[in-house]
Amino acid sequence: MRLIQLSRESLNFPPPEMALREPNGLLAMGGDLSPQRLLNAYHRGIFPWFSPGDPILWWSPDPRAVLLPEHFHLSRSMKRFHQKSPYQVTLNQQFQQVIEGCASDRNEGTWITHEVKRAWQKLHELGHAQSIEVWRGEELVGGMYGLELGQIFCGESMFSRSENASKTALLVFSDYFQQQGGKLIDCQVLNPHTLSLGAQEIPRVTYLQYVHSLAHHPLSVDCWQPRRLF
């Protein structure tokens, strides 16, 4: 099957069902990272991921990795750690620092280029992208960011510079998100870290059904206002 080239003049995407099986989920290339195109993509179960210097690649893998907040797996060791946690967790207080942390704390290199950072900063300014910060005193030691899609949170990346910092971010956010009416956290592709925290794989068609039913149900008006969560 031929990979579809997107036009900068159109925000349309091919149906996710047209994605390749190998590499799993590769759907299209090209276009841009404008807020309108990114929002259009996520509302269709599609996300960008590409290496520096390569064209923008768009993906919709099958199966899809998701985390249901009520199924978050809290190990006994993590429960003991969290009970005496040295961290504080905040919401939307340092989005730029979080995305910089996600970009820089990767030994194998990062896809979070300056272009990607600018795109997500714009989404944040428009109120669509959110960050969770983990602090030890005045030091930012971990965090995560992603896109809110009604009752779905599309997690993009996380980082950790101290023991259990990224686990703390997801643990605290998952609890808060559920309290606010959130139903699903999109993890895109399963990895050992998210698997250990309770993420699971579901068929792409099931994920698209979730998007269709949950993306247009907003949470409380002040849900994403900057605040301390823990």
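Let's start with charge: the chain carries 21 positive and 22 negative side chains, and the centres of the two sets sit 4 Å apart. Keep in mind that this is a predicted model.

**Overall build**

Seven helices and 12 strands make up the secondary structure of the chain. The radius of gyration is 17 Å, close to the 17 Å that the globule rule gives for 230 residues, so the chain is as compact as a globular protein of that length. Along the principal axes, the C-alpha atoms fill a box of roughly 55 × 35 × 35 Å.

What share of the contacts with a separation of 6 or more comes from residues 24 or more positions apart? For this chain, that share is 71%.

Of the 230 residues, 53% count as buried. As for the surface, the chain exposes about 11,300 Å², and carbon and sulfur atoms supply 50% of that area.

**Cysteines**

How many disulfides does the structure hold? The count is zero. For background, a disulfide is a covalent bond between the sulfur atoms of two cysteines. Here is how two of the cysteines work out:

| Cysteine | Nearest cysteine sulfur | Distance |
|---|---|---|
| Cys-154 | Cys-187 | 10 Å |
| Cys-223 | Cys-154 | 14 Å |

A disulfide needs the two sulfur atoms within 2.5 Å. Cys-154 is in no disulfide, and Cys-223 is in no disulfide either.

Are these two cysteines buried or exposed? Cys-154 counts as buried because its relative accessibility is 0%. Cys-223, at 0% relative accessibility, counts as buried too.

How values were computed. Residues numbered from 1 in each chain as written. Predicted model: local features only at pLDDT ≥ 70, side-chain atom pairs only at ≥ 80, totals over all residues. Heavy atoms only, no water. Helix = DSSP H or I, 4+ residues; strand = E, 2+ residues; numbered from the N terminus. Rg over C-alpha atoms; globule rule 2.2 N^0.38 Å. Buried < 20%, exposed > 50% of the residue type's maximum accessible area, 1.4 Å probe, protein only. Contact = heavy atoms within 4.5 Å. Areas by Shrake-Rupley, 256 points an atom, 1.4 Å probe, with all protein chains shown as cover. Lys, Arg positive; Asp, Glu negative; His and termini not counted. Charge placed at Lys NZ, Arg CZ, Asp CG, Glu CD.
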